[in-house]
Amino acid sequence: LAWALLPAIHIDLPIKRGLGLQGGWQPSIEFAALLIGLVVFHAAYIADIVRAAVRAVPIGLVEAGQAMGLTPRAVLRLVIAPYAARVALPPYANQCLSLVKNSTLAIAIGYQELMAVINTAITQTGLALEGIALAVAVYLTLALALGGGLSAWNARNTRHGPGDTHGARLGDRPLWNAADGERRPWRGKLASTAMAVLLAAAAWALLDWAVVRAVWQGGPAACANAAGACWAAVGENLPLLFFGTMAEADRGPALAACAALLAGIALTLGVRGLPAKIRGALLIALLAVVVAALTGWPWGGALIGPQRWGGLLVTLILAIAALAAAVPLAFALALLRRSGSRAGSLAAAGLIEAVRGVPLVTQLLFASFVLPMLLGGGVSKFSMALAALTLHTACLLAEVLRGALQAIPPGQMMAARALGMRPATAYATVIWPQARRIAAPAALGVFVGAVKDTSLVSIIGVFDVLGAAKAVVAGTDWRPYHVEVYLAVALLYFVASLALTRVARRMETRGG
């Protein structure tokens, strides 16, 4: 009946015409870029979540499975996977929700998905509250449906725990002997060799373009006939990338503040063996330099408010302040959600699910369009962006910590209380050191995401490094060299990610 009533099916196959294809269905460049970007981006995060979950499996369970004669594949399927799922599900739910929300990033490349259409409607009609409410309703519905299913799965996995599992975990020592790798079949060795050759060829081609044939100085004319990269586009526009649209008189104090912030980051991440008191004193001194540079006190300089910040200064302060404020808030939310108080647990769960379910782009637009209406103005866009980024990061991190706390046997808290420890002392000395090591890989993904999310503030008019890069390539002179400009910005975020990776590795290896 359907075959008779529905119109005839016509299959349109693509045909080669000239140098391209004509006919058929071809996805747009924007859609393909968004799809590939989301797949690669979230695959990397999920890989670290899986690694953290496997590292949290007690080695005793694995050895028991091996003693029963199970093959490595059976041990992985029957022992490791069920236990690792308990640890991985909360941060994995974060990634599933983030995948849905990150589709809103299509607004940055001009692809007209839901959020881009709503943003256009708000701009044309001025109905900000209605538009944001529609976006929140749509994404919350999707998040509640997806998050509800994952929460039910998580509850099913945690209903019957493995009991008290003491001793080392897989992260403390390897599961199988490293000599097993020496007995790999020749196909594996051949594939590894071929991959190494391909990577070497790609590395040489990149080195030839980026270094050997590159142009490092001069104007657009010097890059017109260059066969390699035009790094002059970055060098000639460094003031704009560093300071944005800041006035000439404000650039000196801004540079001093950036230098102090970078020195503080290096002191926190790179110096080992320095006594804690000396490190704390140096950090306080560097913070005083930042405050003095931006306030003009005590030498009587002009106050440089957040409305006048731009470029690298915005990115550094946003990232540092958001991470510093998000960690204690996340720990409080994780403990409150696991607490015995039903009201507190429901309140924490409601806040976490609401924030996780709404894209950060929507939260920033809400802060930009709706909050000034509710508060009557007087709040800078920087402050609203910082509040949105801090709350978003804290809610994601809270779920990572909750997954780590689920992996710790409840008997350890009971034993600590039996020894006379107060709950706060037990958490600080018994629970937190273990949870920190278990949560480190997944927390790294949240930290890196928070640093990269600072680039989204340009959507609401906060002029950060990415906004400065867009301003550079908007000019006709440097527009052909947008790849080099964006690669320089990507290198900045990559260095920040490497620094955070160092912190996560230290969290994994350091004892309580």
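The paragraphs below go through the predicted model from the whole chain to its helices, salt bridges and disulfide.

The protein chain contains 20 helices and two strands. Of its 512 residues, 40% are buried. The accessible surface of the chain is about 27600 Å², and carbon and sulfur atoms account for 69% of that area. Contacts also reach across the sequence: among those between residues at least 6 apart, 73% join residues at least 24 apart.

Helix α16 covers residues 381-406. It has 26 residues, and the distance from its first C-alpha to its last is 38 Å, close to the 38 Å expected at 1.5 Å a residue. Because 21 of the 26 residues of α16 are buried, this helix is largely enclosed by the rest of the structure.

Helix α18, residues 423-453, gives another picture. A straight helix of 31 residues would span 45 Å, but the end C-alpha atoms of α18 are only 35 Å apart. Along α18 there is a bend of about 60° at Ala440. A proline, Pro441, follows within four residues of that bend.

Val451 also belongs to α18. This valine has a relative accessible area of 9%, under the 20% limit, and so counts as buried. What does Val451 touch, leaving aside residues up to four places away in sequence? Its contacts are Ala319, Leu323, Tyr493, Ala496 and Leu500. The C-alpha atoms of Val451 and Leu318 are 8.2 Å apart in space, although 133 residues separate the two in sequence.

The next topic is charge pairing. Side chains of opposite charge can pair when their charged atoms come close. With a limit of 4 Å between a side-chain nitrogen of Lys or Arg and a carboxyl oxygen of Asp or Glu, the count is seven salt bridges.

One of these pairs lies in α16, where Glu399 and Arg402 are three residues apart, about one turn of the helix. The closest N and O atoms of Glu399 and Arg402 are 2.7 Å apart. Both Glu399 and Arg402 are buried. This pair is also part of a network of salt bridges that links Arg337, Glu353, Glu399 and Arg402.

Asp48 and Arg51 form another salt bridge, with an N to O distance of 3.1 Å. These two residues are in helix α2, residues 29-55, and because they are three residues apart they are separated by about one helical turn. Arg51 is partly exposed, at 28% relative accessible area.

A further salt bridge joins Arg213 to Asp208, with 2.8 Å from N to O.

A search of the whole structure finds one disulfide. Cys223 and Cys230 form this bond, with their sulfur atoms 2.0 Å apart. The torsion about the S-S bond is about 65°, so the disulfide is right-handed. Both of its cysteines are buried: Cys223 has a relative accessible area of 4%, and Cys230 has a relative accessibility of 1%. Other cysteines are buried too, including Cys96 with a relative accessible area of 16% and Cys258 at 5% relative accessibility.

Methods
Residues numbered from 1 in each chain as written. Predicted model: local features only at pLDDT ≥ 70, side-chain atom pairs only at ≥ 80, totals over all residues. Heavy atoms only, no water. Expected span 1.5 Å × (residues − 1). Bend = angle between axes of the 7 residues up to and from the residue. Buried < 20%, exposed > 50% of the residue type's maximum accessible area, 1.4 Å probe, protein only. Contact = heavy atoms within 4.5 Å. Areas by Shrake-Rupley, 256 points an atom, 1.4 Å probe, with all protein chains shown as cover. Disulfide = S-S within 2.5 Å.
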